[in-house]
Amino acid sequence: MTSSEAVVESAEQPCIRLEPIKNTHLPGKTSPSPGRNAVCADTDSKVAANGVHDIEDRILRITGYYGYNPGYSSHRREDGSECQADALGSEASEESRSYHTCTITLLKVLGGLLVVLCISSSWVGTTQVIKLTFHSFSCPFFISWFSSNWNILFFPIYYSVHVLTTRDKQTPIQKFRECSKLFGEDGMTLKQFVKRSAPFSILWTLTNYLYLLALKKLTATDVSALYCCHKAFVFLLSWIVLKDRFMGVRIVAAIMAITGIVMMAYADGFHGDSFVGVALAVGSASTSALYKVLFKMFLGSANLGEVAHFLSTMGMFNLLFISCVPLILYLTRVEHWGSLSSLPWGYLCGLAGLWLVFNILVHVGVVLTYPILISIGTLLSVPGNAAVDVLKHEVIFSVVRLAATCIICLGFLLLLLPEEWDSVTLRFLANLADKKSEEHGEELTDSSVNGRSRSRANGVVSIPLA
């Protein structure tokens, strides 16, 4: 059989399947009978009318494409168009997802910056109002006790915001019982109330009381800078008690904090009110660090509602059990004040309100934004207090105090570095070096191509060496 006969046979096979007829042509003939041509013409016209075959299908049929099926090319184009549409849809969905993620991150960062400004402003306002209150009312423990009582408002504020922002219709009692699971499966019993609230309330009161005593001896800038050392103490206690990961850079930061403390004490000599004020501020930072480490140990997995419940419980414990201390100090004339009407209630309420706002922002900001921004907000209180001291109180800082403040703040910033900062930095430098090497290789390739084109234009042929 010749090649022309093979082509004719392959062209006739679909016609025979569609409408079988008797084979009337002689073997070896290459031209089909007129009847068969009519059948093929009718079949082709029907198929073409149905839109199954097109020019590409006919070419594949005539050339004997292996595995040919009628309508294969059209189905393939339809499948290709569907796949292309699916790919475009997936790309669009990925772009929308990435855009949504970027938008959420941007809003979180902007919200964090706003929270940072609010935290630093509230802490600066609290410190400065304390200094103003001491001019007319010098009773630090009473101020600390009065301000701590305002922690009772934590849970009511949380519940009000929770009801307004969610569809949860739980009553305050139901929500309070739900959040009281922090104390155990049985909820908040009297034993658990005293056992959990007593140590944290005592540490809270000591931190505030020592901070207030330090403000009577030192400027607001010095006390706020020394209080930033609590970050270094938290690291040391976490490393010892909680067995956290050892980091050399944080040890350096702790050493820098201790160096700043010594320089601050040496600024006016190791005697007088300056040394006592430094010791009180460091004591406040130490008790604050111990409070945070214990909080992380026992209540580290608590959510925002449970934290609000716990702080309100601390305020209740402070009102019920620590109220006897200011009464004893009043009877012993250690902290004596006149009648209740003579107290500066405006300063006291403003101070307590700012302190409450600061604590709310610190605990809520950790949930809404990045924790590192909360720490930066506390650090920014140092230059904020310095600006107020210089502009309003006309305080002149010595070179030693400025150096000590800068060293403490630098150590505080080093403590904010994440645990994987070294590997991330090395990876970034490696990627940067690879990118530079790739750009250098592309420049060499472009220069060699340009040189080769110039040599060809000049009629110079370079012969590679074997």
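Helices (H or I, at least four residues) and strands (E, at least two) are DSSP runs, numbered from the N terminus. This is a predicted model, in which local features need pLDDT of at least 70, side-chain atom pairs count only at pLDDT 80 or more, and totals for chains, interfaces and linings use all residues. Residues are numbered from 1 along each chain as its sequence is written, and side-chain values use heavy atoms, with hydrogens and water left out.

**View 1. S284 in helix α12.** S284 is part of helix α12. S284 counts as buried because its relative accessibility is 0% (buried is under 20% relative accessible area, exposed over 50%, partly exposed in between; 1.4 Å probe, protein chains only). Apart from neighbours within four places in sequence, S284 is in contact (heavy atoms within 4.5 Å) with T207, L210, Y211 and Y227. L210 is 74 residues from S284 along the chain, and the C-alpha atoms of the two are separated by 5.2 Å.

**View 2. T207 in helix α8.** T207 belongs to helix α8 and is buried, with 8% relative accessibility. A polar atom of the T207 side chain lies 3.4 Å from the backbone nitrogen of S288. This is a polar contact, the term for a pair of N or O atoms within 3.5 Å; within protein, one must be able to donate a hydrogen and the other to accept it, and residues adjacent in sequence count only if both atoms are side-chain atoms. With neighbours within four places in sequence left aside, T207 is in contact with Y227, S284, T287 and S288.

**View 3. S197 in helix α8.** S197 is also placed in helix α8. Its relative accessibility is 0%, so S197 counts as buried. Residues up to four places away in sequence not being counted, S197 touches F183, Q192, T313 and F317.

**View 4. L153 in the loop between α5 and α6.** The loop that holds L153 runs between α5 (140-149) and α6 (154-165). L153 has a relative accessible area of 38% and is therefore partly exposed. Its contacts, not counting residues up to four places away in sequence, are with S312 and L356.

**View 5. The nonpolar cores.** A nonpolar core is a set of buried Ala, Val, Leu, Ile, Met, Phe, Trp, Tyr and Cys residues joined through side-chain atoms within 4.5 Å. The largest one has 65 residues, and F137, F142, L226 and V278 have the most contacts inside it. Helix α8 gives the largest share of this core, eight residues. F137 touches F142, I143, W337, L343, P344 and L348, not counting residues up to four places away in sequence. A second, separate core of 15 residues includes F200, F310, M314 and I360.

**View 6. The largest pocket.** On a 1 Å grid over the protein atoms alone, a cavity is a set of points where a 1.4 Å probe fits but cannot get out, whereas a pocket is an open set with protein on both sides within 12 Å along at least five of seven lines; lining residues have an atom within 4 Å of a point. The largest pocket has 45 lining residues, with K231, K292, V362, V366 and S375 nearest its centre. Elements giving two or more residues to this lining include α10 (230-240), α12 (272-299) and α15 (345-368). The largest share, eight residues, comes from α12.
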